[in-house]
Amino acid sequence: MLAQRVVTAIILLAVLLGALLAATPWPLVLLLSLAAACALWEWLRLTWPGKSSMGPVLAGLLFFVFALALAVPWLDETSSSLVLNLSDWLGGWLVPAVAAVWVIGATALVVRGDAQGRAGSAWLSLFGVLAVVAAWVALVQLYLAQGAWFLVSLMALIWCADIAAYFTGRAFGRRKLAPRVSPGKTWEGAAGGVVAAVAWVLASTWWPGSFGDVLAARWPWWAVAVIAALLAALSIVGDLFESLLKRRAGVKDSSQLLPGHGGVYDRIDALLPVAPVALLLSGLFMS
């Protein structure tokens with residue numbers, strides 16, 4: 001199992017690095033679109049009302065087509081009025097609304113921790129569609145505005161929080177964070193993850209073009225620290241929210257698309273709530 005995880009991780013990193021280093025934006029946009037479509041399919045498999053297996057598949061395929069149709073005029077800078085109006089709608093309504101649901105609604109569900117609730121839910125399925133669309137829009141817009149390495153610095157916030165939470169929790173964890181959702185997570189681990197994320201973002205303010213640098217140009221240093229703490233906390237909410245969906249559905253992984261790692265949603269669950277909030281707070285939408 002460990003060897004399988006390592007091989008899969010190496011392949012994923014190689015694909016991501018190749019997309020990041022490509023001469024055009026298309027490889028990374030295609031990779032983001034494919035990952036988002038797979039994550040949507042996996043989310044809907046956990047929440048789809050009834051027993052139909054085609055609904056999640058069709059939703060994932062339709063999203064992929066939608067994403068490419070929207071990306072073409074964005075990347076070619078030939079946006080029609082229809083695309084511009086859709087972009088304004090996505091940024092002016094959808095992204096803020098989804099961000100609010102993550103901060104308020106998803107957090108409330110995680111705190112409530114009703115892991116025995118009904119798996120099939122039209123509302124959770126609808127939120128899955130909107131959440132994936134908003135995250136994809138946010139990531140593509142951040143990439144177009146600031147470049148690939150900006151995305152790496154943003155994702156590094158999540159990686160720092162996740163790694164620090166794991167080791168801090170193992171070393172000092174005593175009080176369970178959400179025992180009915182994810183018994184292994186502790187308040188001490190969460191605190192360690194937040195501290196590591198704040199430290200990373202503050203340190204990265206010295207890296208021109210990084211997420212921390214862009215925040216520092218817009219906000220005072222103490223606000224940058226607060227934003228980093230908020231995003232780290234949201235990454236934990238995203239992780240716990242997926243754990244809640246999987247417990248309700250009675251499965252361990254969202255799928256087996258990534259050998260040794262589970263599904264794509266398992267890998268990007270923390271990124272889904274972070275991306276739209278990061279877009280709003282950085283002020284880079286359609287810049």
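The accessible surface of the protein chain is about 13,800 Å², and 70% of it belongs to carbon and sulfur atoms. Areas of this kind come from the Shrake-Rupley method with a 1.4 Å probe, and for residues only the protein chains shown count as cover. This is a predicted model, in which local features need pLDDT of at least 70 and side-chain atom pairs count only at pLDDT 80 or more, while totals for chains, interfaces and linings use all residues. Residues are numbered from 1 along each chain as its sequence is written, and side-chain values use heavy atoms, with hydrogens and water left out.

The chain's secondary structure consists of eleven helices and two strands. Here helices (H or I, at least four residues) and strands (E, at least two) are DSSP runs, numbered from the N terminus. Read from the N terminus, the order of elements is α-α-α-α-α-α-β-β-α-α-α-α-α. The radius of gyration is 18 Å, close to the 19 Å that the globule rule gives for 287 residues, so the chain is as compact as a globular protein of that length. That radius is taken over C-alpha atoms, and the rule is 2.2 Å times the number of residues to the power 0.38. Along the principal axes, the C-alpha atoms fill a box of roughly 50 × 50 × 40 Å.

Of the 287 residues, 49% are buried. Buried means under 20% relative accessible area, exposed means over 50%, and partly exposed lies in between (1.4 Å probe, protein chains only). Among contacts with a separation of 6 or more, 74% join residues 24 or more positions apart; a contact means heavy atoms within 4.5 Å.

Serine 210 is an example of a buried residue, with a relative accessible area of 0%. Serine 210 sits in the loop between α7 (187-204) and α8 (211-218). Leaving aside residues up to four places away in sequence, serine 210 touches Phe150, Ser153, Ser204 and Thr205.

Leucine 21, in helix α1 (residues 2-21), is exposed, with a relative accessible area of 57%. Together with Leu17, Trp149 and Trp207, Leu21 makes a nonpolar surface patch of about 420 Å². Patches are made of residues with over 30% relative accessible area and no salt bridge; like charges are joined within 9 Å, and nonpolar side chains (Val, Leu, Ile, Met, Phe, Trp, Tyr) within 5 Å.

Charged side chains come next. Side chains of opposite charge can pair when their charged atoms come close. A salt bridge is counted when a side-chain nitrogen of Lys or Arg is within 4 Å of a carboxyl oxygen of Asp or Glu, and the count by this rule is five.

One of these bridges joins arginine 248 to aspartate 114, with the closest N and O atoms 3.9 Å apart. It links distant parts of the chain, 134 residues apart: arginine 248 is in helix α9 (residues 221-249), and aspartate 114 is in the loop between α4 (81-112) and α5 (122-146). Arginine 248 is buried at 17% relative accessible area, whereas aspartate 114, at 28%, counts as partly exposed.

Glu242, Lys246 and Asp266 are linked in a network of salt bridges. Glutamate 242 pairs with lysine 246 at 4.0 Å between the closest N and O atoms. These two residues both lie in helix α9, four residues apart, about one turn of the helix. Lysine 246 also pairs with aspartate 266, where the closest N and O atoms are 3.1 Å apart. Aspartate 266 lies in helix α10 (residues 264-268), so its pair with lysine 246 of helix α9 ties together parts that are 20 residues apart in sequence. Glutamate 242 and lysine 246 are both buried, and aspartate 266 is buried too.
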